[in-house]
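Q: I would like to learn how to read a fold from its coordinates. Could you take me through this one step by step?

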Amino acid sequence: MSILKGVNLYLIGMMGAGKTTVGRELAKQLSYGFLDADNVIEQTTGRSINQLFALEGEAGFRQIESDVLAQICAFTKLVISTGGGVILQQKNWSYLRHGLIVWLDVPVELLYTRLALDTTRPLLQDVDLKQKLRSLLEQRQALYNQADLRISVSEEETPTKVATRVLEAIPTVLK
């Protein structure tokens, strides 16, 4: 499957959108490597995302995230799942643009179902999870819209099905 000719594939979208799970599946189908940017950040710093948020604040974390992204984009033949907020920093777009950017667009209700029991996400330590997800999505929607490809995900779809839809849609956006 050489439709991307070695170009990296970046998955963006809200936390809980399935970027890591779908990313692994895409990497398998493309015969690409797979990287979860958050895992790379944790390996590089020796700290969890939660610890980094606590120690560095969101701004400090976003700087580390940008540095890691800058290093990742030097490689090829990778599917990269990014953190949900990676799109907030303008400079990150210059890194993402090295590859093809796919937005996994998942409805808030489904994100809520997936994240309701997740205590590991620093931005979700909030009383009203659904409202928090809604406001994060509203803040980020215009940025996510800048992706090369938008894949709307429904509840019944398996990660394999979503990955297949991404692969089928890639030729429609390649120049």
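Q: Let's begin with strand pairing: how many bridges join strand S2 to S3?
A: In general, strands of a sheet pair through backbone hydrogen bonds, either parallel or antiparallel. Here strand S2 (residues 33–36) and S3 run parallel and are joined by four bridges. Two strands count as paired if DSSP finds at least two bridges between them. Within this pair, Phe 34 has Val 79 in S3 as its bridge partner.

Q: Before we go on, what kind of model is this, and how is it numbered?
A: This is a predicted model, in which local features need pLDDT of at least 70 and side-chain atom pairs count only at pLDDT 80 or more, while totals for chains, interfaces and linings use all residues. Residues are numbered from 1 along each chain as its sequence is written, and side-chain values use heavy atoms, leaving out hydrogens and water.

Q: What is the order of the strands in the sheet?
A: The open sheet has five strands in the order S2-S3-S1-S4-S5, with parallel pairing. Its edge strands are S2 and strand S5 (149–152), each of which pairs on one side only. Neighbouring strands are turned by 20° against each other on average, direction ignored; axes here are lines fitted to C-alpha atoms, for helices over the stretch in contact, and angles run from 0 to 180 degrees between N-to-C directions. Helix H7 (residues 159–173) packs on this sheet, touching S1, strand S4 (100–105) and S5, and its direction makes about 150° with that of S5. Contact means heavy atoms within 4.5 Å.

Q: Which residues stand opposite Leu 11?
A: Leu 11 stands opposite Ser 81 in S3, and its bridge partner in S4 is Val 102. Strand S1 (residues 9–12) is joined to S3 by three bridges, and S1 pairs with S4 in the parallel sense over four. Further along, four bridges join S4 to S5, where Arg 150 is the partner of Trp 103.

Q: How do I read the two faces of a strand, and which residues of S4 lie on each?
A: In a regular strand the side chains alternate between the two faces of the sheet. In S4, Leu 100, Val 102 and Leu 104 are on one side and Ile 101, Trp 103 and Asp 105 on the other, all of them buried. Buried means under 20% relative accessible area, exposed over 50%, and partly exposed in between (1.4 Å probe, protein chains only). Strand S3 (residues 78–81) is also covered on both faces: Leu 78 and Ile 80 are buried on one side, Val 79 and Ser 81 on the other.

Q: Is Asn 92 buried or exposed?
A: Asn 92 is buried, with a relative accessible area of 0%. Asn 92 sits in helix H4 (residues 90–96) and touches Ser 66, Leu 69 and Val 86, not counting residues up to four places away in sequence. A polar contact of 2.6 Å links the side chains of Asn 92 and Ser 66. Such a contact is a pair of N or O atoms within 3.5 Å; within protein, one must be able to donate a hydrogen and the other to accept it, and residues adjacent in sequence count only if both atoms are side-chain atoms.

Q: Stepping back, how many helices and strands does the protein chain have?
A: The protein chain has seven helices and five strands. Helices (H or I, at least four residues) and strands (E, at least two) are DSSP runs, numbered from the N terminus. Of the 175 residues, 48% count as buried.
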